[in-house]
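Here's a quick briefing to read alongside the coordinates. Have the viewer open as you go.

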Amino acid sequence: MNRRSIGLGLCTLLLAGCAAHGDLFQSLQPPAAGQAVVYILRTQHVSRSMDLAPGIHVNGMDVGALKLDGYIRVPVEPGPTEIRLTNR
């Protein structure tokens, strides 16, 4: 398993359930040559308190927020990637 796959899996697990927006997830799309991709997913959650939508920032860039079952695909440079949630 390569480092990108591990990173993608960790991000998915850490951010699952976080408030968010985006289209319903369809499938993984390969990154462009020399690039990596971060997928941020929000799965359904039983608690209505999870309806909050914090801002999602990847490497300092505001990439949005997510609704239930939504996702955001963010192309990034290979290597360490900072993902941060903030109050909107």
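This is a predicted model: local features need pLDDT of at least 70, side-chain atom pairs count only at pLDDT 80 or more; totals for chains, interfaces and linings use all residues.

Residues are numbered from 1 along each chain as its sequence is written, and side-chain values use heavy atoms, with hydrogens and water left out. Helices (H or I, at least four residues) and strands (E, at least two) are DSSP runs, numbered from the N terminus.

**Overall make-up**
- Of the 88 residues in the protein chain, 32% are buried; buried means under 20% relative accessible area, exposed over 50%, and partly exposed in between (1.4 Å probe, protein chains only).
- The accessible surface of the protein chain is about 5,800 Å², and carbon and sulfur atoms account for 58% of that (Shrake-Rupley method, 1.4 Å probe; for residues, only the protein chains shown count as cover).
- Take the contacts in the protein chain between residues at least 6 apart in sequence: 75% of them join residues at least 24 apart, with contact meaning heavy atoms within 4.5 Å.

**The sheet**
- Three strands make an open, antiparallel sheet, ordered β3-β2-β5; two strands pair if DSSP finds at least two bridges between them.
- β3 (61–64) and β5 (83–86) sit at the edges, each pairing on one side only.
- Neighbouring strands here are turned by 35° against each other on average, direction ignored (axes are lines fitted to C-alpha atoms, for helices over the stretch in contact; angles run from 0 to 180 degrees between N-to-C directions).
- β2 (residues 55–58) and β3 are antiparallel and joined by three bridges; Ile56 has Gly64 in β3 as its bridge partner.
- In the loop between β2 and β3 you'll find Gly60, which is exposed at 59% relative accessible area.
- Gly60 and Thr81 are 21 residues apart in sequence, with their C-alpha atoms 9.7 Å apart.

**The core**
- The largest nonpolar core has ten residues, including Ala36, Ile56, Val63, Leu66 and Val76; such a core is a set of buried Ala, Val, Leu, Ile, Met, Phe, Trp, Tyr and Cys residues joined through side-chain atoms within 4.5 Å.
- β1 (36–41), β2 and β4 (71–76) each supply at least two residues of this core.

**Confidence**
- Mean pLDDT for the protein chain is 74, and 61% of its residues reach 70 or more; pLDDT is the predictor's confidence in each residue, from 0 to 100.
- Among the elements, helix α1 (residues 3–15) has the lowest mean pLDDT (53) and β3 the highest (92).
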